[in-house]
Amino acid sequence: MRELFAILFFPGGLFLLAGGMMYEWADHKLIARLQNRVGPRWFQPLADTVKLLAKEEVIPSGISTFLFIALPIAALAGALTSALYVPLGGLAPTYSFHGDLIVALYMLSLLTLCTGLAGSNTTDSFSLVGATRTLTQLFSYEAPFLVALLGPALAAGSWQISEVNTYAQSHWLLFLQPIGFIVALIGLLGKLEMPPFDSPEAETEIVAGAMTEYSGRGLALFHLGRKVELMVGLTLVASFYLGGLGNPIEFVVKTLALLLGLSVLQSLMARLRIDQIVGLWWRYGALLVLAQWLVLMLIGGFTS
Amino acid sequence: MSEKSEKFIVPIGPQHPALKEPGHFEFTVDGEVVTGASVRLGYAHRGIEKATESRNWTQNMYLLERICGICSHIHALAYCLGVEKLAGVSAPPRAQAIRSVVAELERIHSHLMWLGVAAHEAGFETLFMYSWRDRETLMDVLEALTGNRVNYSANLIGGVKFDINADQRDTILRALEFLEERTAHYMDIVTTDVVFLRRTRGIGTTSAAQAELLGLVGPTARASGVARDVRIDAPYAAYADFPVTLILHNVGDLESRFIVRINELLESYRLIRQILDHMPEGELTARVPRRIKEGETISRVEAPRGELFYFIKSNGSDTPERIKVRTPTMCNMASVPVLGIGQQLADIPMILAGIDPCFSCNDRAAVIHQGDDGDTWTWERLRQYGIDYYRGQP
């Protein structure tokens with residue numbers, strides 16, 4: 001019974017979907033205000049989702065219908081599952097075991113992977129270019145982002161999210177590991193395909209990238225997955241770097257502060273080309289975060 | 001599978017988010033690098049040149065003004081200057097000065113709009129939103145001055161329709177003050193923003209020789225160091241009394257196109273102030289006969305996008321015999337497939353936007369050949385085709 005409630009209502013299921021929509025609205029509204037626009041009303045993400053779900057889903061011919069239908073479901077399921085391991089709402093995670101950090105991160109990557117596969121599963125050139133870009137970008141930010149989140153884990157001496165969260169409540173890792181924080185923040189932008197890392201869905205080049213052929217229900221599920229991923233990603237980075245998440249008030253304040261940072265970054269920059277993204281991550285992101293990791297290991301080695 | 005069908009082609013258009021008007025581009029890509037490009041235009045051909053032949057001289061002014069929604073004044077101006085030349089009259093100095101003021105205001109609104117569109121193509125939405133917000137200041141000025149935001153309808157054959165009074169003069173000067181400050185800020189952004197520079201510096205570089213070869217005009221040519229500006233080479237309206245400073249930049253990449261256009265904005269602010277400060281007194285219109293003397297003439301003006309060319313032929317009646325329009329996009333379009341090759345696919349929308357294209361202005365009837373059986377039409381065949389087409393029996 002408790003498990004069913006956890007999966008369907010809180011913290012999984014409905015709470016997560018509603019929360020994801022609110023965070024997306026906050027993100028859109030903040031960017032709009034930063035760009036001197038009015039921005040959407042609070043129920044806009046809900047209205048968009050309902051509208052998409054009600055629309056006809058066009059399945060293109062000449063492709064695998066099974067994959068076309070299954071991929072959005074797998075993407076959303078992955079994002080929802082990852083939420084069970086993070087301290088949503090500042091409460092203890094529903095499920096917790098040693099090494100759940102890695103599981104949660106790869107559940108989050110499932111969305112990107114599914115997007116890439118969905119794009120490859122068409123004959124449309126925009127989708128194919130978009131899929132190539134999605135997967136290329138995945139390989140460029142994934143490792144640095146992972147290492148950036150392993151920094152706090154290393155400091156806490158545990159790869160369990162709840163333990164890192166507890167450790168972070170007494171250590172503001174934002175100041176102890178500033179490089180890791182910056183890489184994690186920018187990695188989150190990349191993971192969510194937000195500007196300047198929105199090259200995989202650059203509308204002025206490849207329409208909607210891998211999502212071009214999707215309509216109706218499939219597109220709605222992918223979008224829902226993206227909303228959930230936004231909320232989970234914010235929770236994860238905030239709990240690791242912003243002094244942990246001990247209670248619901250801390251949760252709201254810290255994730256919103258992080259979201260504000262993301263919005264500012266998004267509205268500050270032009271879109272990077274895919275080759276520039278790969279160069280940026282492997283030339284600077286990966287090296288910086290590895291250097292910091294090395295320092296942490298050395299300090300850890302000397303103090304123990 | 002033949003070699004041809006193995007090519008991976010990314011079609012852009014006729015309907016595509018990067019295009020605000022219909023045009024069709026096919027880019028053959030190898031990974032992300034463009035290896036081949038072709039352009040097909042003609043989706044928005046409206047038959048305006050032919051339509052002018054069934055309207056009288058005054059009606060045509062309104063029709064031609066509607067060729068382009070962005071540079072409407074300059075089309076009417078080119079036409080009026082041509083007709084005045086044929087009729088042997090010239091507009092009074094004050095009218096010429098007002099024409100120049102409106103032309104420069106139009107250039108400002110066009111360049112600010114371009115700045116936003118180009119930023120949007122690069123995914124820099126914030127610059128897009130801010131530059132378009134500031135452009136509204138100018139649209140309000142144009143509305144206060146002429147009563148319209150788009151087709152100002154400022155010209156008459158032989159003069160202008162309205163005067164600029166002291167109040168309007170102050171409105172313009174106040175708007176220019178605000179815009180000058182903002183423009184300086186945008187100049188700062190496009191030349192120092194590191195992320196944006198990665199998308200513009202060294203992209204789509206056109207050498208001066210290449211620009212000459214492709215016949216580029218306007219700011220696109222001036223960004224490659226080609227000194228070509230009709231306002232200086234053959235001054236019209238009030239540009240002889242109020243000379244324009246030539247804006248040049250000789251790198252030829254996208255960044256220099258930004259620099260040239262933003263510098264032109266600053267030059268336009270200076271010029272408008274100068275004209276308003278030394279406005280000649282006098283009449284606004286000259287008398288022009290209803291029938292225009294037989295003859296033919298050309299009329300060249302500098303539209304925001306480059307040289308706009310009109311050929312006007314009169315047979316002595318109250319309607320023109322032939323009007324031929326060549327808009328600057330026609331000259332600049334050829335550079336897109338040439339410059340696109342070897343660039344990244346992601347830079348293509350920027351290269352396209354770099355020439356500030358205006359599709360429906362340059363569109364003409366296009367005949368499409370499938371395959372390689374292209375042939376050359378003789379003048380006689382083309383003429384006969386035209387006659388048959390308009391009789392409804394192609």
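Q: Which residue of E7(B) is the bridge partner of B:Gly295?
A: In this predicted model, B:Gly295 is bridged to B:Ser314 in E7(B).

Q: What makes E6(B) and strand E7 of chain B a pair?
A: Pairing requires at least two bridges found by DSSP. E6(B) and strand E7 (residues 306-314) of chain B have nine bridges in the antiparallel sense, and therefore they count as paired.

Q: Why are strand E6 and strand E8 of chain B called edge strands?
A: The open sheet has the order E6-E7-E8 in chain B, with antiparallel pairing. Strand E6 (295-303) and strand E8 (320-326) each pair on one side only. The twist from one strand to the next averages 15°.

Q: Which helix of chain B packs on the sheet, and what does the helix touch?
A: Helix H4 (residues 72-87) of chain B touches E6 and E7 of chain B, and its direction makes about 150° with that of E6(B).

Q: How many residues of chain A are in contact with chain B, and how do they divide?
A: 24 residues of chain A are in contact with 27 residues of chain B. Those of chain A divide into 10 nonpolar, seven polar and seven charged.

Technical notes
Residues are numbered from 1 along each chain as its sequence is written. Chains are lettered from A and ligands numbered from 1 in the order in which they are written. This is a predicted model: local features need pLDDT of at least 70, side-chain atom pairs count only at pLDDT 80 or more; totals for chains, interfaces and linings use all residues. Two residues are in contact if their C-beta atoms, placed from the backbone, lie within 7 Å. Ala, Val, Leu, Ile, Met, Phe, Trp, Tyr, Cys and Pro count as nonpolar, Asp, Glu, Lys and Arg as charged, and the others, Gly among them, as polar. Helices (H or I, at least four residues) and strands (E, at least two) are DSSP runs, numbered from the N terminus. Axes are lines fitted to C-alpha atoms, for helices over the stretch in contact, and angles run from 0 to 180 degrees between N-to-C directions.
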